[in-house]
Amino acid sequence: MAYGVASRVAALHQLGIVHGAIAPEHIFLEPHSGLRLSFFWMAQQKGAANVRLMEPERPEFGPEDRYRAPEFATAPTTLPQLDVFSLGVLAAELVADWARH
């Protein structure tokens with residue numbers, strides 16, 4: 001699962017898009033196509049200063065906050081490293097959950 005999410009995020013990054021909200025709540029398992037990422041309200045095109053691809057209403061804090069890099073508050077949100085941090089947290093949780101079972 002972590003590889004599938006990472007490969008989709010890598011494809012976004014190759015297009016110059018940073019998702020900005022990688023979290024389990026935004027990953028869906030599809031029976032025929034595998035994984036699907038959703039919730040692109042934080043997604044930004046690299047090089048586009050403070051221009052969001054989508055901007056629906058959102059709460060200030062949400063369950064996905066624990067997946068955000070500490071730099072999120074001060075760094076430009078078009079840094080792919082912010083998605084990489086989120087992927088690392090997600091992968092660590094998957095491994096920890098697998099080890100418990």
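1. Arg68 and Asp65 join their side chains in a polar contact of 2.5 Å. A polar contact here is a pair of N or O atoms within 3.5 Å; within protein, one must be able to donate a hydrogen and the other to accept it, and residues adjacent in sequence count only if both atoms are side-chain atoms. Arg68 also forms a salt bridge with Asp65, with the closest N and O atoms 2.5 Å apart. A salt bridge needs a side-chain nitrogen of Lys or Arg within 4 Å of a carboxyl oxygen of Asp or Glu. Side chains of opposite charge can pair when their charged atoms come close.

2. A word on the basis. This is a predicted model, in which local features need pLDDT of at least 70 and side-chain atom pairs count only at pLDDT 80 or more, while totals for chains, interfaces and linings use all residues. Residues are numbered from 1 along each chain as its sequence is written, and side-chain values use heavy atoms, with hydrogens and water left out.

3. Where does Arg68 sit? Its place is in the loop between β4 (44–45) and α2 (80–100). Helices (H or I, at least four residues) and strands (E, at least two) are DSSP runs, numbered from the N terminus. Arg68 counts as buried because its relative accessibility is 14%. The cut-offs are under 20% relative accessible area for buried, over 50% for exposed, and partly exposed in between (1.4 Å probe, protein chains only).

4. Leaving out residues up to four places away in sequence, Arg68 touches Gly20, Trp41, Met42, Phe85 and Ser86. Contact means heavy atoms within 4.5 Å.

5. How many salt bridges does the structure hold? The count is three. Besides the Arg68 and Asp65 pair, the side chains of Glu93 and Arg66 meet at 3.4 Å, N to O. That pair links distant parts of the chain: Glu93 is in helix α2, Arg66 is in the loop between β4 and α2, and they are 27 residues apart. Glu93 is partly exposed, at 31% relative accessibility.

6. Arg36 and Glu30 make another salt bridge through their side chains, at 2.8 Å from N to O. Arg36 is partly exposed, with 40% relative accessibility. Glu30 is partly exposed as well, with a relative accessible area of 27%.

7. Look next at β2 and β3. These strands pair in the antiparallel sense over four bridges. Two strands pair if DSSP finds at least two bridges between them. β2 and β3 form a hairpin with three residues between them. In this pairing, Phe28 stands opposite Arg36 in β3.

8. His19 deserves a look. It lies in the loop between β1 (17–18) and β2 (27–30). Is His19 buried or exposed? His19 is buried, because its relative accessible area is 0%. Not counting residues up to four places away in sequence, His19 touches Leu12, Leu37, Ser38, Phe39, Phe40, Met42, Ala43 and Asp83. A polar atom of the His19 side chain lies 3.5 Å from the backbone oxygen of Phe39.

9. Check the backbone at Phe39. Phe39 has a positive phi of about 65°, although it is not a glycine. Phe39 lies in the loop between β3 (34–37) and β4. With a relative accessible area of 35%, Phe39 is partly exposed.
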